[in-house]
Every structure is written in C-alpha cells, then in structure tokens.
Amino acid sequence: MALLPILEFPDPRLRTKAVPVDPATVTEPAFQRLLDDMFETMYDAPGIGLAASQVDVHQRFMVIDISEEKDEPQVFINPEILSRDGEQVYQEGCLSVPGIFADVTRANEITVRYVDRQGQSREIPADGLLAVCIQHEMDHLEGKLFVDYLSPLKREMVRKKLAKSRKHVA
C-alpha cells in the first residue's frame, strides 16, 4: 500500500466533476489496490472520509470509516442519494482544507444507492455522522468543497490562511 498525495484548496483539480466507475473494473486488482491506498491515506491523515477526487482520481467513488477503532471501512462506488430528510448542522473539516472547520447544514437522514467493494449493488439508510460524511464526500465528486457553503468573505479568509500556512512550511 502507498500514501497518496491529497489535493488542497484552492487547487483547481478539486473542482473537476468525477465520472462514473465502470462496474466491470471494481474487482480488478489495480482498483482494489487504489482502494487500499485511499484507506491508508485517509487513516494516516487522519480522516473519516476520502473521495477519489481528493487524490486526483476523478472517478465517482469514496472511502469512509467513521468508527472510533478505524475497523469499519466502507466503499461507495457510483453513489447516488435517493432521498433526504430533516437537517442537521455539523462542524465539518476536510483533508483538502487542513486545519479549517465550519458549520455546514446537511440532511440528517439519507438513503444512498451505491456499488460496494465486491461489485454488489446496495441501498442503505444513513443518519447522523455517516449521512454527513457521505454528503461531504459526494460533494467532492461534484467538484464542490465544504468551504463553498461559507460566505465569500469567509472563503477568502480560508484561502489566505492556507496560503500563509504553506509559506511557513516551505
């Protein structure tokens, strides 16, 4: 397995809309290796979700593990939200926007259809943190970031703060 570089805001590649994954390729060794690399990258970061777009792979899939022990990995390939209900405000962060957190309003309950790691079609209800994480990662697949929910002024402050922190690291 290998750690993958995570794209950071305002990298324009994060705005690329992902294309569907060919279901015939899901069980191929190269795709399975990529999933393993994404999990390793997500756990190392550390995070609870990682969309393929964030590692410069512009295909519709993501990995998620919201468990405390990091032992419940989930793969969502070609995810589609079928229904949304209620709303919740959750303070979100993002591996592509390091060190920044903001309140985002999302659906509290969703039903999502997707293909799993074994190539099986699934449909599940999700609520709470899992619902937030799925919606957040699906935004990435559409070329959208959680900072897009912020006012233009706050978004510009985030961009400047990240640029300043990169200068100190370089």
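Q: What should I know about the model before going on?
A: It is a predicted model, in which local features need pLDDT of at least 70 and side-chain atom pairs count only at pLDDT 80 or more, while totals for chains, interfaces and linings use all residues. Residues are numbered from 1 along each chain as its sequence is written, and side-chain values use heavy atoms, with hydrogens and water left out.

Q: Where does Asp56 lie, and what is its phi?
A: Asp56 belongs to the loop between β1 and β2 (61–64). Its phi is positive, about 65°, although Asp56 is not a glycine.

Q: Which loop holds Lys70, and what is its phi?
A: Lys70 is in the loop between β2 and β3 (74–85). Its phi is about 55°, a positive value, and Lys70 is not a glycine. Lys70 has a relative accessible area of 33%, so it is partly exposed.

Q: How many helices and strands does the chain have?
A: Helices (H or I, at least four residues) and strands (E, at least two) are DSSP runs, numbered from the N terminus. In this chain there are three helices and seven strands. Along the sequence their pattern is α-β-β-β-β-β-β-β-α-α.
The radius of gyration is 16 Å, close to the 15 Å that the globule rule gives for 170 residues, so the chain is as compact as a globular protein of that length. That radius is taken over C-alpha atoms, and the rule is 2.2 Å times the number of residues to the power 0.38. Along the principal axes, the C-alpha atoms fill a box of roughly 45 × 40 × 30 Å.

Q: What percentage of contacts joins residues at least 24 apart?
A: A contact means heavy atoms within 4.5 Å. Counting contacts between residues at least 6 apart in sequence, 65% join residues at least 24 apart.

Q: Which residues does Val112 touch?
A: Residues up to four places away in sequence are not counted. Val112 then touches Phe76, Pro79, Glu80, Ile81, Arg122, Glu123, Ile124 and Ile134. Pro79 is 33 residues from Val112 along the chain, and their C-alpha atoms are separated by 6.5 Å. Val112 is found in strand β6 (residues 109–115) and is buried, with a relative accessible area of 0%.

Q: Which residue does the UniProt annotation "active site" cover?
A: The annotation, from an unreviewed UniProt entry, covers Glu137. Such positions are given in the numbering used here, feature names are shortened, and annotations may be inferred rather than shown by experiment. Glu137 lies in helix α2 (residues 128–141) and is buried at 4% relative accessible area. Apart from neighbours within four places in sequence, Glu137 is in contact with Gly49, Leu50, Ala51, Gln54, Met62 and Ile64.

Q: Which residues does His58 touch?
A: His58, in the loop between β1 and β2, touches Arg13, Thr16, Ala18, Val19 and Ser53, leaving out residues up to four places away in sequence.

Q: What kind of peptide bond joins Phe9 and Pro10, and what kind joins Ala45 and Pro46?
A: Phe9 and Pro10 are joined by a cis peptide bond, with omega about 10°. Pro10 lies in the segment before α1 (29–44). A cis peptide bond also joins Ala45 and Pro46, with omega about -10°. Pro46 is in the loop between α1 and β1 (49–51).

Definitions and conventions: Buried means under 20% relative accessible area, exposed over 50%, partly exposed in between (1.4 Å probe, protein chains only).
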